Amino acid sequence: MDQQEPIIILAGVQRNGTTYQLDPLSKLRLEAALPGAKPAPRIFVGHETQADFETLHGPMWPQIASLLTGVSVDRLETLGGVIIRVPSSGKLMEVRP
Amino acid sequence: MSEFLIRGYNVAVPAVDRGDDLFVVEDDSGSLHRVQVKTANARPLKAAGYAAQFSLPLRQLGDPQTPDLNYVLAVRHADRWSDFMIIPREDLYREHRVHGIGSVIAGDKPSLQVYLSFRSGVVACSGRDLRIYRNNFAVWPPIAH
């Protein structure tokens, strides 16, 4: 895999919140690149409406990325950066530090 | 459903078919498990054993949810339900993304065709052995009431 491809975080948007989880290939790549990291397997963050997903969660994405990977977003930038992918819509959004 | 009841869980079936087939509930804690059941008739293989094919919505397969989804792939062979492949969505998606199992059928609603062959104790799918999921209800350990 190209080391400069972004890390992908999958976002399963539900009515009352969104479940975030690393894409399996990104997870494998990070396990190889960061063997000492202790990431969370998944994170659920609630929201009042689905429309809140981007507006409310957007500013939280750097923190969510850190929790799911075990390292800072600045560190992740050296590994190709991070994008959020919403499987239900195919939408892609960049996570900025 | 009977397998879940025997294990001490409660089971609910949605009145309207919108995706999930079953909700399995731990009454004491209120924990909810989502289950989607797929069935297939097996056909015999030339060199012993049998095989069955399932079709899963690709978007659903890659969509993490809370609570997350478990697939039960039920195989009918020789006039009985011979095998239940119980696979968490996350595991099946990993097998597809990392090891390439299944064949993607493109379209407005893309799907993943999963071909399982049962032979000599091995459950093969695209070169991977998925026997650990065969009749494995460990996601739902028995509850003592």
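In this predicted model, B:Asp68 and A:Arg42 are joined through their side chains by a salt bridge of 3.0 Å from N to O, the term denoting a side-chain nitrogen of Lys or Arg within 4 Å of a carboxyl oxygen of Asp or Glu. The pair crosses between chains, with B:Asp68 in the loop between helix H2 (58-61) and strand E6 (69-77) of chain B, and A:Arg42 in the loop between H1 and strand E3 (43-46) of chain A; helices (H or I, at least four residues) and strands (E, at least two) are DSSP runs numbered from the N terminus. B:Asp68 is buried at 14% relative accessibility, whereas A:Arg42 is partly exposed at 27%, where buried means under 20% relative accessible area, exposed over 50% and partly exposed in between (1.4 Å probe, protein chains only).

Between chain A and chain B, three salt bridges are counted, and over all chains the count is 11. B:Glu95 is buried, with a relative accessible area of 6%, while B:Arg128 is partly exposed at 30%.

Residues are numbered from 1 along each chain as its sequence is written, and chains are lettered from A and ligands numbered from 1 in the order in which they are written. Local features need pLDDT of at least 70 and side-chain atom pairs count only at pLDDT 80 or more, while totals for chains, interfaces and linings use all residues, and side-chain values use heavy atoms, with hydrogens and water left out.
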